[in-house]
Amino acid sequence: MMRLFVEGIGLLGPGLDSWVASRGVLAGEADYLAVPTNLRAPEMLPAAERRRAGVPIKLALAVGQEAFLQAGRDTKTASTVFTSSGGDNDNVHAINGILATAPREVSPTRFHNSVHNAAAGYWCIAAGSHEPSTSLCGYDASFVAGLLESATQVIVDDAVVALVAYDHCYPEPLHTVRPITAAFGMALILTPRQSEKTLAVIEVEFVSGKTQETTMQSAGLEVLRLGAPAARGLPLLAALASGKPTQISIAYLDDNHLSIRVTPC
Amino acid sequence: MLESSTLGLYLFLSIFIGSLDLQPLIISHYTLANSLGLGSSATMDALRSRSSGLIPCAFEDVDLETYIAKVGELDSYRVRTDLSAYDCRNNRLAQLCLQQDRFGEAIEAAKNKYGAARIGVFMGTSTSGILQTELAYRHLDPQTGALPHNFHYAETQNSYSLAGFVAHYLGLTGPSFVVSSACSSSAKVFANAQRMMAAGVCDAAVVGGVDSLCLSTLYGFNSLGLVSRLPCRPYDADRDGISVGEGAGFVLIERATAQNPPDQIYLLGVGESSDAYHMSTPHPEGLGAKLAMQRALDSAGLKTGDIDYINLHGTATKSNDASEGKAVADIFGTSVPCSSTKGWTGHLLGAAGITEAIIAVMAAEHGFVPGSVNTQHLDPTIAINYQIENGTGKINRVLSNSFGFGGSNCTLVLGRQA
């Protein structure tokens, strides 16, 4: 079992405009309304990079920035774990289209934005961070993979870690074979020690065997949880919003899951 | 000024706070497959005989004038029938590699020892099975625009495909994911395994990486002006870009025990850092590279004099070799023999880290320092001890660099305990 502290939370998704604005909805105190995700230009980035930012970069930077602001930490000082099932899905679609027809002129920006760690690269530039940064993929379990990796960094490396999970829709024809239904991002600042900013303690355990996953009480939020891999983290946010000690379970691979105890401070 | 003050602050803090000792982990078993041949001895033989795997580009209908490193066996090869949904060039290469060096037997023994659920699978890849999607986009339904019916997104294109395939192929059910941080991917997996094992999430781990030829990387690197028309020439004054290659490598990592022989090769240290400079160009002063190397030395509890050979990232682009060379010169001066083996293998992108880690292990096992093929005239502006000719001698500890787009840096230290 790994014990970590949550110091900051970031959220951006359909009808979820920030963690602060969404707390009531996540706690079941207000109705959820699934309006399209309010994507905005990342003000953290220099102008040249801002123009090149696709949806995942906008998601990742928005939620990362919100979480750091809440924690009151300098963005230079934390390691980062980015996790996503896709990456820049619009860009990958465009490149595949370009490569299927002559002339195969892939622009330099398209190419370097196509790497899975593009959001991480832009974040580090915007944040001025030289700390370790990784970019993971676990298909539908990408959020869990990111949380598990973040927890080991906190415990083993004694690091402050920003976990940033994001996913967005593919255009057709890929949407049919990988139907991600919304642009969604969330971030957590995780620390090895309690501080005056600590919001909650989370105890994370990797467990073999299948699980009955914790679901969302709101039907709309449950659709979102299942519609975007990064939104598999919503039950954790709901537990954090509830203000009560809560035990949740999130599926990982075929034969294992994470059991998470959330205790608000 | 900014760079040196940042590094100075880091060095101060690392001395002040002290660094956590890495749990002793051993390189228990490994295997390789690339253009030099199938199995680790094929790579070793090619290094000794200075036979490069680079050939003029003949891949699909690519019309670029460049050299590539290709695994010829893949065209007619298929993955195991029960895993046929995973069939794509990247997973074929994974399976072909897993069948070499009796790697499967080592995994069976590990499963008996730890249980399949206690062995993690952490893989690096940059492009996964994207070639499958590139080819599928040529065959979209003319009426509906739909992908062909036999296209399997999750098992081929998705980045996780590789780890999913390896876990299923080997019958492992522990924690698993893919690291996709461009060309540092399969070096960083060593850090994931080390942390997961230290945290008790698993008792052993298969780490590795696979990247295979595709149009995205060939045309993409070409658009950036980073592809050489000649076989790549690392650290040459006239170097003008990379040669794209494909390859795979896997390592079984276990905890050290009293039974390990005195000659045992360990994972001694890992250092990770970020450039925070540019998406596709390394920091000109090698800031991130320096941080990664220093952190790797610190985590290993070693000093520069403890390193006997450096396997450089050495892609043969103007900017990489200049930046990395400056970083190595600043930390090691001209004392440690260095080389890039990419003149043999080409740039294996997401498989570069694992391939060069295994070359580092073999260098220590065989007392062999690979030189550098294709390099003719060393860049006089880079003040490091770069080796063109192969050498021999006692090699106890090797440092291996892997740097990627997005400013993602990782350095490994492998070898015998000091």
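**Notebook: chains A and B**

I began where the chains meet: 54 residues of chain B are in contact with 54 residues of chain A. I call two residues in contact if their C-beta atoms, placed from the backbone, lie within 7 Å. This is a predicted model: local features need pLDDT of at least 70, side-chain atom pairs count only at pLDDT 80 or more, and totals for chains, interfaces and linings use all residues. Residues are numbered from 1 along each chain as its sequence is written, and chains are lettered from A and ligands numbered from 1 in the order in which they are written.

Next I looked up which elements of chain B touch chain A. Those supplying at least two residues each include helix 5 (130-136), helix 8 (185-198), strand 10 (266-274) and helix 10 (287-300) of chain B. Helices (H or I, at least four residues) and strands (E, at least two) are DSSP runs, numbered from the N terminus. By class, this side of chain B has 28 nonpolar, 21 polar and five charged residues. Here Ala, Val, Leu, Ile, Met, Phe, Trp, Tyr, Cys and Pro count as nonpolar, Asp, Glu, Lys and Arg as charged, and the others, Gly among them, as polar.

I then checked for strand pairing between the chains. Strand 3 (residues 133-137) of chain A runs antiparallel to strand 6 of chain B, and two bridges join them. Strands pair if DSSP finds at least two bridges between them. A:Cys137 stands opposite B:Val178.

Strands 3 and 4 (residues 67-69) of chain B pair in the antiparallel sense over three bridges. B:Leu54 has B:Ala69 as its bridge partner in strand 4 of chain B.

Why is helix 7 (residues 161-170) of chain B largely enclosed by the rest of the structure? Nine of its ten residues are buried, so the helix is largely enclosed. Buried means 20 or more other C-beta atoms within 10 Å of a residue's own, exposed 12 or fewer, and partly exposed in between, with C-beta atoms placed from the backbone. B:Phe165 and B:Tyr169 are among the buried residues. Their cover includes helix 3 (89-98), helix 4 (103-114) and strand 7 (204-211) of chain B. Just after the helix, B:Gly171 takes a positive phi of about 70°.

Last, I looked at chain A as a whole. I noted ten helices and eight strands. Buried residues make up 61% of its 265 residues.
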